[in-house]
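Subject: Structure handover

Hello,

Here is the structure we discussed. Please open it alongside this note; the findings follow below.

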Amino acid sequence: MSFLQIGSKYPLPRRFKDCTYSVWTEFVDLVTTHKPLNLGQGFPDYPAFDFVPSILAQISDSKNDLIHQYTRGFGHPRLVNVLSKLYSKLINRSINPFTEILITCGAYEAIHSAISGLIDTGDEVVIMEPYYDCYEPIVRLFGGIPRFIALKNIDVNSEKDAFSSKSWQLNRNELENIFNEKTKLIILNTPHNPTGKVFIREELEMIGNLCKKYNVVCLSDEVYEWLVYKPAVHVRIASLPGMWERTLTIGSAGKTFSVTGWKCGWLYGPDYLIKNASIAHQNNIYTYCTPIQEALAICFEKEIPKLDSPDCYFQNLSIKLLPKRDAFMKTLINTGFKPTIPDAGYFVVADWSKQSSKIDLSSEKDVEEDYKFAKWMTKNVKLLGIPPSAFYSKEHKNLASHLIRFCFFKKDETLNQARDILTNWKKSLDGCKL
Ligand SMILES: Cc1ncc(COP(=O)(O)O)c(C=O)c1O
């Protein structure tokens, strides 16, 4: 039998309707082919993780052989215990480590297990755009119906050099109109990727009140909880009155300790919601890697006593990232982009409209303008960013047509290289006849 015949028997199952490889696959391939300076994916290009790997080394050398065997399926006891200590303090209620926390394979699996454990065919899920790109396909995979609402930049027509991430706002009436009796879940992402917006208490209360009114669960993706630039403050929606009962909160070790390759995440929330996600997890990966969980437990045990001090890894990271953020914003402004200054995280979305009349993107065959631009930049300017329309539904991709996302969690040397590349590019554009 030929491959052709076998292949035709295996089309992608209907549950993956409209799914294709994600933006990450496509743009990681572009890095290999065109070798641009890579400001695409969100991780440091230098060892920003401090003492963390040495703890993993100690574990692998330890005499405790069981560290190399399966651990408890819903979370290694030492890790759930320390996370319960941390989050009980942060949200001011006692969290049961064994019934109210689930350890997952990255925040990604936490999203998958939460959605698959809560959503049935025909349930509606409110998703704010731009969104972390896996939310939509995972909701659809389990029969859910995404209802999209875009954060709008209310300052879009301002003459300023840059936008504030606070300008990206949810419209209260639009949000109220989207909620109805079929709404089962709302996915919140604060601090927000890619705008760097940190939702303020009043916005969270508006969301929370609708959740209470319609008896809806909030899945709160808070993977950037520690990467907040003062004076912005991260408020955990689970800590608001009446919200613990209806919130599952997601965290990520990759973001917390700058070790994205460790792929450990977690969910915390009331036992009846954690139970649903745990059943999904049990029928997926069942249990996450023991040595990584042990190492993370030790890292947290080390950092929790310093929580309120600038020496604490979590606090220190945003202090160290701030000069990088500011330098890169300056680069973008000086080279004709209009960035949204993030209050959190390590991404920036920048508007390239001012340059659009000077470049010819006709060589690129994509439908979306931002894809054309990002690919054109990669090939011709040798700088890679991500097209943010990947974070919008089909109907709203046009909202990102003149945007590009860059990551600035990079060596100063890399950011200086980006500055030089963009400065030369701007000079060449300014020299062009229009
Ligand atoms: C908003 C958001 N949620 C979830 C994830 C996935 O995190 P993890 O690497 O822990 O799976 C990411 C990764 O970039 C993210 O930006």
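Is Lys184 buried, partly exposed or exposed? Lys184 is partly exposed, at a relative accessible area of 35%. Keep in mind that this is a predicted model.

Salt bridges

The count of salt bridges comes to 22. Three of them are set out here.

Lys184 pairs with Asp123, and the closest N and O atoms are 2.9 Å apart. This pair links distant parts of the chain, 61 residues apart. Lys184 sits in strand β8 (residues 183–189). Asp123 sits in the loop between α5 and β3 (124–129). Asp123 counts as buried because its relative accessibility is 12%, under the 20% cut-off. Lys184, at 35%, is partly exposed.

Lys166 and Asp343 form a salt bridge too, at 2.9 Å from N to O. They also link distant parts of the chain, 177 residues apart. Lys166 is in the loop between β6 (163–164) and β7 (168–169). Asp343 is in the loop between β12 (338–341) and β13 (347–351). Asp343 is buried, with a relative accessible area of 13%.

Asp412 and Lys324 meet at 2.8 Å, N to O, in a salt bridge. Asp412 is partly exposed, at 48% relative accessibility. Lys324 is buried, at 10%.

There is also a network: Glu26, Asp366 and Lys375 are joined by salt bridges that share partners.

Ligand site

The shell around the ligand holds 13 residues. Asp221, Tyr224, Ser252, Lys255 and Lys263 come nearest. By type, the shell divides into 6 nonpolar, 4 polar and 3 charged residues. Helix α5 (residues 106–118) gives the largest share, 4 residues.

Which residues place a polar atom by a ligand oxygen? Ala107 is one of them, with a polar backbone atom 2.8 Å from an oxygen atom of the ligand. Asn193 uses a polar side-chain atom, 2.9 Å from a ligand oxygen. Ser252 also uses a polar side-chain atom, 2.8 Å from an oxygen atom of the ligand. On its own, the ligand has 400 Å² of accessible area, and the protein covers 92% of that.

Best wishes

Definitions and conventions:
Residues are numbered from 1 along each chain as its sequence is written. This is a predicted model: local features need pLDDT of at least 70, side-chain atom pairs count only at pLDDT 80 or more; totals for chains, interfaces and linings use all residues. Side-chain values use heavy atoms; hydrogens and water are left out. A residue is near a molecule or strand if one of its heavy atoms lies within 4 Å of it. A polar contact is a pair of N or O atoms within 3.5 Å; within protein, one must be able to donate a hydrogen and the other to accept it, and residues adjacent in sequence count only if both atoms are side-chain atoms. Accessible areas come from the Shrake-Rupley method with a 1.4 Å probe; for residues, only the protein chains shown count as cover. Helices (H or I, at least four residues) and strands (E, at least two) are DSSP runs, numbered from the N terminus. Ala, Val, Leu, Ile, Met, Phe, Trp, Tyr, Cys and Pro count as nonpolar, Asp, Glu, Lys and Arg as charged, and the others, Gly among them, as polar. A salt bridge is a side-chain nitrogen of Lys or Arg within 4 Å of a carboxyl oxygen of Asp or Glu. Buried means under 20% relative accessible area, exposed over 50%, partly exposed in between (1.4 Å probe, protein chains only).
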